[in-house]
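This report looks at one helix and then at the protein around it. Please keep the sequence and the structure in view while reading.

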Amino acid sequence: IREDAVLDREIIPAPDQKPLSLYGARAIFLTGATGFLGAFLLEQILQSTEDHVRVCCLTRKKSGDETDSAERIKSNLKNYGLWDDTFKNRIVSLSGDLSQKRFGLIQPEFDQLAKDIDFIFHCAAFVNYVYTYPVLKPHTVDGTQEILRLASTAVSKPIHYISTNGIFPGGDKTPYWENNEIDSFIDRLEDGYGQAKWVAEKLVWEAVARGLPVCLFRPGNIGHHSITGVVNPNDFQFLIIDACTKIQCAPDNDKWAFEMTPVDFLVKAIVRLAGDPTHFGQVYNIVQSEATLARAVFDLLLDKKLISEYVSLDEWISRLYARAEETDDYILNVLAESLSDVEQYLTDDSIYDCSQFNKAIKNCRIDRPLTDKDYFEKLVNITYES
């Protein structure tokens, strides 16, 4: 894994440089537009820039899916209540594959793209806490290297890169600081996702050392919208809450806690900071300092009669399997099988230093929403009572 954390020697930032502020860009490159965070980030970029600005979204064509990439992007935005007809002429879809060199484009196409693009947001992520490093490497590691290649070709283009707090092993008594000293963590990372993101971030820091302007963000779990309650249906914390409603019970566990950063707050912060070049070379941890006890959320489900009782964790898992078999619910089965792999995220009491990020958003006059019981009640009300 350490051997993979070496940036291609050919990737050297071009001497000429594009504008360092988002608001000086005419063409923006975005990855992850068909995902949860990417959808909200795309909408925030479009709302925060002038009508003449175009956003080029790289999307991978799915096997057996004849829907073109433009329709997939539009459908995803609609799914989260974000679509606006004015976006139609501003979104440029590009079919490509992050895991392939130059995204699978021929050299002239890649070179032209590198000339046209002014600014890059790389937030595409293969988030899976069960898959091994070799499975995740092509998309996460190789894909990040190709983004750095794009940013360094023809004219240097600034990048806002979404990393994760998963690059830290957790369990340390000392805080995880907002800096680039992450070498010592790799030997203690056990999950493929954390390993792949660690390698990808190392590549990014090497590009920074070579002169590429990059700002890095390390969010924890990305939660539902603080106003609308719209949630990522694949988020494992939401899957736990949803599973409780399906089997009418919750695990009697006082150790679990749900840590979430509202997606609307996160994308607002990213885009606002993208307008200020002083943030390049910085890395920001974005993790809630006080997670909400899962028990408080389960009590909410109990109060609303969405569940009827508490049971032991073993019994809860047993009921997940039974319900999955009874209803052929693939998701419940996956949750039951993978719970031992993700439980560490529910019991993580590590301290993540976010002081620089907190200072940055204060200077931008952005308020961090509370992620208390009321925040989760918004999710429950929208999801189960609308």
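Which residues are buried in H6?

## Helix H6 and its cover

In this predicted model, the buried residues of H6 are Phe236, Gln237, Phe238, Leu239, Ile240, Ile241, Asp242, Ala243, Cys244, Thr245 and Ile247. The helix is thus mostly covered, with 11 of its 12 residues buried. The cover over these buried residues includes strand S8 (249-251) and strand S9 (257-258), and it also includes the helices H8 (294-303), H9 (313-327), H10 (330-346) and H12 (373-384).

## Length and end of the helix

## The protein as a whole

The secondary structure of the protein comprises 12 helices and 13 strands. For 386 residues a compact globule would have a radius of gyration near 21 Å, and the 21 Å of the protein agrees with this, while its C-alpha atoms fill a box of roughly 65 × 45 × 45 Å along the principal axes. Of the contacts between residues at least 6 apart in sequence, 82% join residues at least 24 apart.

Buried residues account for 55% of the 386 residues, and the accessible surface comes to about 17,500 Å², of which 45% belongs to carbon and sulfur atoms.

Terms used. Residues are numbered from 1 along each chain as its sequence is written. This is a predicted model: local features need pLDDT of at least 70, side-chain atom pairs count only at pLDDT 80 or more; totals for chains, interfaces and linings use all residues. Side-chain values use heavy atoms; hydrogens and water are left out. Buried means under 20% relative accessible area, exposed over 50%, partly exposed in between (1.4 Å probe, protein chains only). Helices (H or I, at least four residues) and strands (E, at least two) are DSSP runs, numbered from the N terminus. Contact means heavy atoms within 4.5 Å. The radius of gyration is taken over C-alpha atoms; the globule rule is 2.2 Å times the number of residues to the power 0.38. Accessible areas come from the Shrake-Rupley method with a 1.4 Å probe; for residues, only the protein chains shown count as cover.
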